[in-house]
Amino acid sequence: MKTLIVVTPGLLTTVQDLGRYGYGAIGVSPSGAADPLALRVGNVLVGNPEGAPALEMTLLGGSFDFSQGAVVVLTGADFGAAIDGVPVEGWTAHRVPPGGRLAAGMSRGGARCYLCIAGGLDVARVLGSASTHVRSGLGGRPLKKGDVFRIGDTRAPAPSPAPPLRIEYRKVLRATRGPQAEWFSSDLCAGAYRVTEQADRMGLRLEGPALRALKERSMVTEGVPLGAVQVPPGGQPIILFVEQQTTGGYPKVANVIAADLPSVAQLRPRDEIRFEWVSPEEARRLLLEQEALIRNAAH
């Protein structure tokens, strides 16, 4: 039986897949990989289904022993990973020998790195997903030293000789206008914002030019989507993320497009960002272009 043993867990390492959908009506947000593009590409590169469970590491990576060896790939941010002390390149598959150790360090840029393993992690599903919802504990908890995971059975492909793909992460986030965009006299895209220390899987609070409402209004609490940009009374926007509440009473000035949600996942506190308006048609075109990256990675 192939296993992965957690030697050091890192700052915040969790099991993630593509999340659990269809439970918003009972208050359960999808969770799943913060950077689903990195997870999907990583799984493709080791011959897994795109949504196979993998490890998501945040800001500081962990170290892991592989009892019987494995084929692995690291995607997302560069965490300076090494196998048995030998540095390895991201975005390409590598073989860990039996008894070998993979160790990842501090992020060298970006917030999250994904460790995908041929065969995936054989873990229990809750509401159809293996993803860890950190705030509620649904689906599990962050990793601890000594945790052991079974690796699923598979015939792993031979590691590729060079990285076939790299994703470009953006600091200019493209967004469509939200349902309450006309409530504000100021333009979200007019200035730069800095990511505050209050940034996690639930949402990212920003600081910068305050968005001022044209007049005082109240609104009935309504559903909120992934990537919505809410504006609380202070005028400092919040990007709602993968563990967001499913309803909210703050106006939504914008929504980050689906193609740029992986870039949101890689933002760190003190990063400076800007917003750029795009049409829904452009947002769809950009998403289709991104999906083509995954198809290319599979060939």
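A salt bridge here is a side-chain nitrogen of Lys or Arg within 4 Å of a carboxyl oxygen of Asp or Glu. Searching the whole structure with that rule finds 19 salt bridges. We will visit some of them below.

First, some ground rules. This is a predicted model, in which local features need pLDDT of at least 70 and side-chain atom pairs count only at pLDDT 80 or more, while totals for chains, interfaces and linings use all residues. Residues are numbered from 1 along each chain as its sequence is written, and side-chain values use heavy atoms, with hydrogens and water left out.

**The whole protein**

Show the cartoon. The protein has 3 helices and 20 strands, where helices (H or I, at least four residues) and strands (E, at least two) are DSSP runs numbered from the N terminus. Its radius of gyration (taken over C-alpha atoms) is 20 Å, close to the 19 Å that the globule rule gives for 299 residues, so the protein is as compact as a globular protein of that length. That rule is 2.2 Å times the number of residues to the power 0.38. Along the principal axes, the C-alpha trace spans about 65 × 35 × 30 Å. Of the 299 residues, 52% count as buried; buried means under 20% relative accessible area, exposed over 50%, and partly exposed in between (1.4 Å probe, protein chains only).

**Salt bridges**

Select arginine 40 and glutamate 50, whose side chains meet in a salt bridge (2.9 Å, N to O). Arginine 40 lies in helix α1 (residues 36-45) and glutamate 50 in the loop between α1 and β3, so this pair ties together parts 10 residues apart in sequence. Arginine 40 counts as buried at 15% relative accessibility, and glutamate 50 as partly exposed at 30%.

Next, pick aspartate 260 and arginine 174, which form a salt bridge of 2.7 Å, N to O. This pair links distant parts of the chain, 86 residues apart: aspartate 260 is in the loop between β19 (252-256) and α2 (261-265), and arginine 174 is in strand β12 (residues 172-177). Are these two residues buried or exposed? Both aspartate 260 and arginine 174 are buried.

Now move to helix α3 (residues 280-297), where glutamate 289 and arginine 285 are 4 residues apart, about one helical turn. Their closest N and O atoms are 2.3 Å apart, in a salt bridge. Glutamate 289 is partly exposed at 44% relative accessibility, and arginine 285 is partly exposed at 37%.

**An open sheet**

Color the strands β7-β6-β9-β4-β1-β11: in that order they make an open sheet of 6 strands with antiparallel pairing. The edge strands, each pairing on one side only, are β7 (86-87) and β11 (148-150). Two strands pair if DSSP finds at least two bridges between them. Zoom in on β6 (residues 82-83), which pairs with β7 in the antiparallel sense over 2 bridges. Alanine 82 has proline 87, in β7, as its bridge partner.

**Cysteines**

How many disulfides does a search of the whole structure find? With a disulfide taken as a pair of cysteine sulfur atoms within 2.5 Å, the search finds 0. Select cysteine 113: the nearest cysteine sulfur, that of cysteine 116, is 8.9 Å away. Cysteine 113 is buried, with a relative accessible area of 2%. Cysteine 189 is also buried, at 16%.
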